[in-house]
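Take a look at the aromatic rings in this structure.

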Amino acid sequence: MDEMEEELKCPVCGSFFREPLILPCSHNLCQACARNILVQTPEAESPQSRRASGSADYDYLDLDKMSLYSEADSGYGSYGGFASAPTTPCQKSPNGVRVFPPAVPPPPHLPPAAAAAAASASALAPVPRNSCLTCPLCHRSLILDERGLRGFPKNRVLEGVIDRYQQSKAAALRCQLCEKAPKEATVMCEQCDVFYCDPCRLRCHPPRGPLAKHRLLPPAQGRVSRRLSPRKISTCTDHELENHSMYCVQCKSPVCYQCLEEGKHASHEVKALGAMWKLHKSQLSQALNGLSDRAKEAKEFLVQLRNMVQQIQENSVEFEACLVAQCDALIDALNRRKAQLLSRVNKEHEHKLKVVRDQISHCTVKLRQTTGLMEYCLEVIKENDPSGFLQISDALIRRVHVTEDQWGKGTLSPRMTTDFDLNLDSAPLLQSIHQLDFVQMKVPAAPILQLEECCTHNNSATLSWKQPPLSTVQVDGYILELDDGNGGQFREVYVGKETMCTVDGLHFNSTYSARVKAFNKTGVSPYSKTLLLQTSEDSDPEEHALTFPVPLERLQLRRSNPFSSTLNLQNSFPGRSYFELRSSAHQMSLHSSLQSLNSAGFDPQSGPFSQLVDIKKLVAVAWFSFDPGTAHSDIIFSNDNLTVTCNSYDDRVVLGKTGFSKGLHYWELSIDRYDNHPDPAFGVARVDALKDVMLGKDDKAWAMYVDNNRSWFMHNNSHTNRTEGGITKGATVGVLLDLTRRTLTFSINEDQQGPVAFENLEGIFFPAVSLNRNVQVTLHTGLPVPDFYHSRGTMQ
């Protein structure tokens, strides 16, 4: 019950409520505290003066109304109290509100009974006119009527709860008059209802005079007497001698019989007090049940958080150990590399020493031979026999010259330098060390299917998913899988980064199971929960388009660009079909030759598949926008990538996000701005078409370029079919791509422009536009096929 203690304390004095009053805002205040924070409004703004001046729109009885003199409005706190003497001057706050100074407290030498009597007299003193009270909790200003604070009912229930709470405290009873550390109480005065210690009893409750007749009890017995004391019965605020006996439903307050006889609640619904007491107790119990469930969930959540603290600590220890092991492994690898490099240095050192030592040995031998030759020649020169000298002189001269030549062929240059030609390149390693950081190396968490955005319409299904809110693991993409509608094997129908996908061309009156998983470089996540999707029982024979699949109860979720990728199931031959993924090449993966989700070998004209729609008779409607990822850098995007212009005078190309390879598709472009008669081009292109020239200049784009008077078709820089009729601001250019007939047709303002522009189209085509800074266009998608094309199809 310790958590309840704050509910039992007054927001003004911070102590337990004493004689609490119930304010119209449902908050409680001590009666003395309520009087202390009263303020008086100027006479000119009083309700009486307003009524006297004929201001009938001021309802001064509306106690919940914010006052012009509310301290919440002024931002200035000016709590004070009324003095009992009418001649006491008022203080004035900067906002014009007159604040009465605090009531003079009773002298400290008065006995407690006299002090309580003085406080009671001060609380019951008449309140000056034009008083208002500001709730300290919600800051609502309450205008007091002529009854003053007596107009607020007393909260007897709160008093009883406080009594029971205080009696339930197991600690020893403490003196209520000790100023600092309360001592243990020794007696309790039954009349004063105060616990005293011996020093305080001798000082404040002497056994003489009127106090001698008071009955002093032991503290424990005083607690029992408090518990057995009769509770005060709540009386009517208007008729203090009458007990409450009925309950006004409109006023939401108990009333007495005299209130009913006076007609104050004549037009109100009045019920018996006991019945309403039981009803409100039942309602409070029911409300508490819901709150109890929330509290139980909160406790379980706290247990979960505490377990998370423990788990975080354990994971931290484990992660630190793993980090230390990884760093130690790096240090070991560096030490091993250090040893290898030192070995190379030692080898180089040994090699240099060997070369130098060999050269020293060779030079030493040579020098010894040269020295011997020189000494021999000197001895020969000393001989005095000319004929003997001449016999050997020629040979000695030759030997001296040969020996000299031998010293002159680099023998006196060192064969090895003293420097080590090895430079350790540590910059990449230092850069790698500085770049050493944590990366997410975990498998992604299972995606969450967003049920509020998943729905079916006819034989189409739209699925949306997201990552768990607290997941921080990087996701490279998602894999969407569907079964065959018969509980068979799941098959991949989409792989990419988008989180919403629509699948068209499913069986009617079938139940499909769908699931999603995420992947990154580390691995693949678990599957999401499996979602069951029920398609419609049959198709509308008048329907010509597959509209965006949103049921009636989810119309508020419908958006102009509801999904970023679309999967079409087109018939290729009986019993077999494939999924075609429409999206930009850098975001999507085209699944070719997937097994049909329909059972192989069925007869579409009989059996359980007799209600299947002929997909070729329907139009697959796609919503898409322009793709900033593949556009030229001069293109300027706005309006959720539906509106484009350019900041260059040269033509620049922008593609749509969705690529088409089958089906019938139609979109329009409205001309928002058209200055100086430029030649914008509209059409389709491959994803790798040139982006810095007019659309149609290369062999990867098919377009119609048009000015204010005429138009031409262009492909591979070949201009054909000049047609009169141009565009202005506000015009609409339509592009109709029929990949069933493999044709491309254009229209201006819903009228076909020229003949069929291009035929024999095959492959994947992206909507495309080229323009310069003089043109701005807005893309409109998800449109039905225009009437002129239906008429032409009928004639054919």
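Rings of Phe, Tyr and Trp, the last by its six-membered ring, count as a pair if their centres lie within 6.5 Å; planes over 60 degrees apart make the pair edge-to-face. By this rule, the predicted model holds nine aromatic pairs.

Start with phenylalanine 624 and tryptophan 667. Their centres are 5.9 Å apart, with 80° between the planes, and the pair is edge-to-face. Phenylalanine 624 sits in the loop between strand S25 (619-620) and strand S26 (635-638). Tryptophan 667 belongs to strand S29 (residues 664-674). The pair therefore ties together parts that are 43 residues apart in sequence. Phenylalanine 624 is buried, at 3% relative accessibility. Tryptophan 667 is buried too, at 2%.

Now move to tryptophan 702 and phenylalanine 765. The ring centres are 5.3 Å apart and the planes meet at 75°, so this pair is edge-to-face. Tryptophan 702 lies in strand S31 (residues 701-706), and phenylalanine 765 in the loop between strand S37 (758-759) and strand S38 (766-771). The pair therefore links parts that are 63 residues apart in sequence. Tryptophan 702 counts as buried at 9% relative accessibility. Phenylalanine 765 is buried, with a relative accessible area of 0%.

Rings also gather in a group. Trp465, Tyr478 and Tyr494 form one aromatic cluster.

Over which ring does the charged end of arginine 515 sit, 3.9 Å from its centre? That ring is phenylalanine 490. The charged end of arginine 515 also sits over the ring of tyrosine 527, 3.7 Å from its centre.

Methods: Residues numbered from 1 in each chain as written. Predicted model: local features only at pLDDT ≥ 70, side-chain atom pairs only at ≥ 80, totals over all residues. Heavy atoms only, no water. Phe/Tyr/Trp six-rings, centres within 6.5 Å; stacked < 30°, edge-to-face > 60°. Helix = DSSP H or I, 4+ residues; strand = E, 2+ residues; numbered from the N terminus. Buried < 20%, exposed > 50% of the residue type's maximum accessible area, 1.4 Å probe, protein only. Lys NZ or Arg CZ within 6 Å of the ring centre and 35° of its normal.
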